[in-house]
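This briefing concerns the protein chain shown below.

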Amino acid sequence: MKIYRVDEFVKCKVLQLLVFAAVAWPQIRSGRYWTYRKPPIDSNKTPIVWVLGGPGSGKGTQCEKIIAKYGFTHLSTGDLLRAEVKSGSERAKTLTAIMERGELVPNDIVLDLLKEAMVAKAGEARGFLIDGYPREKSQGIAFESAIAPVTVIIYFEASPETLTKRLLGRAVSSGRSDDNEDTIKLRLKTFLENNDQVLAQYPDKLRRINAEDSVDAIFSQVVEILDPLVA
């Protein structure tokens with residue numbers, strides 16, 4: 001075994017510290033080693049529920065029933081974006097320009113709106129219903145990193161045939177031009193491709209519900225999922 005003199009041992013330790021400092025200093029400066037960021041929402045105390053389902057799955061109706069029974073705070077990214085545009089803020093001007101160009105709103109803006117809305121309601125919310133979000137795998141990852149881990153994901157599952165039939169029926173009653181059969185098939189294809197990746201990311205938190213049943217039968221399944229969270 002090699003024996004070091006005291007001065008050699010000190011030099012060795014100093015050299016090790018210098019190497020560590022050179023490698024770690026950029027991360028120390030950025031706070032990655034020493035800064036603990038407490039999540040803005042504690043999802044152990046305030047449940048966060050992602051409500052997912054294809055167009056025509058009936059998740060809007062179920063969200064209304066959840067709000068009525070549990071008093072959860074309902075947040076839809078579409079509603080948040082529309083409200084922000086109407087606000088006249090600097091961000092509203094940016095959003096208006098993006099929409100006028102026909103571009104998609106960047107994920108970071110959508111996430112900021114969600115985070116701000118949740119933080120504003122954190123003191124009074126019994127739980128959060130995040131309606132129709134995330135739409136992509138990357139959005140789910142960013143949400144949990146910036147806000148808090150999701151508590152449970154409720155997916156209202158129906159076949160493409162059922163969803164198409166419902167949307168065509170809605171087109172007749174509402175006159176919606178985006179509910180023609182070709183457009184519906186494209187929307188469903190895009191939704192399913194992205195949604196499958198989201199669901200695959202959270203097998204332990206995912207709860208699938210048969211959305212082809214009656215409204216009341218579907219809600220009874222929802223209650224079985226949510227009751228334990230508020231007990």
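**Strand pairing and overall fold**

V51 stands opposite D131 in β3. The model is a predicted one, in which local features need pLDDT of at least 70 and side-chain atom pairs count only at pLDDT 80 or more, while totals for chains, interfaces and linings use all residues. Residues are numbered from 1 along each chain as its sequence is written, and side-chain values use heavy atoms, with hydrogens and water left out.

**Whole chain**

- The protein chain has nine helices and five strands; helices (H or I, at least four residues) and strands (E, at least two) are DSSP runs, numbered from the N terminus.
- Read from the N terminus, the order of elements is α-β-α-β-α-α-α-β-α-β-α-α-β-α.
- Of the 231 residues, 35% count as buried (under 20% relative accessible area, with a 1.4 Å probe and protein chains only).
- Among contacts (heavy atoms within 4.5 Å) with a separation of 6 or more, 76% come from residues 24 or more positions apart.

**Strand β1**

- Strand β1 spans residues 48–53 and is mostly covered, with six of its six residues buried.
- I48, W50 and L52 point one way from β1, whereas V49, V51 and G53 point the other way, and all are buried.
- In a regular strand, side chains alternate between the two faces of the sheet.
- β1 runs parallel to β3 (residues 128–131), to which four bridges join it; two strands pair if DSSP finds at least two bridges between them.
- β1 also runs parallel to β4 (residues 152–157), through five bridges.
- The bridge partner of G53 in β4 is F156.

**Helices α5 and α6**

- Helix α5 (residues 107–121) packs on helix α6 (residues 137–146) at an angle of about 40°, with their axes 11 Å apart.
- This angle makes α5 oblique to α6, since angles under 35 degrees count as roughly parallel, over 145 as roughly antiparallel, 65 to 115 as roughly perpendicular and the rest as oblique.
- The contact is made by N107, L111, L114, K115 and M118 of α5 together with S138, Q139, A142, F143 and A146 of α6.
- By class, this contact has six nonpolar, three polar and one charged residues (Ala, Val, Leu, Ile, Met, Phe, Trp, Tyr, Cys and Pro count as nonpolar, Asp, Glu, Lys and Arg as charged, and the others, Gly among them, as polar).

**Residue T164**

- T164 lies in helix α7 (residues 160–174).
- T164 counts as buried because its relative accessibility is 13%.
- Leaving aside neighbours within four places in sequence, T164 is in contact with E181, I184 and L188.

Methods: Axes are lines fitted to C-alpha atoms, for helices over the stretch in contact, and angles run from 0 to 180 degrees between N-to-C directions. Buried means under 20% relative accessible area, exposed over 50%, partly exposed in between (1.4 Å probe, protein chains only).
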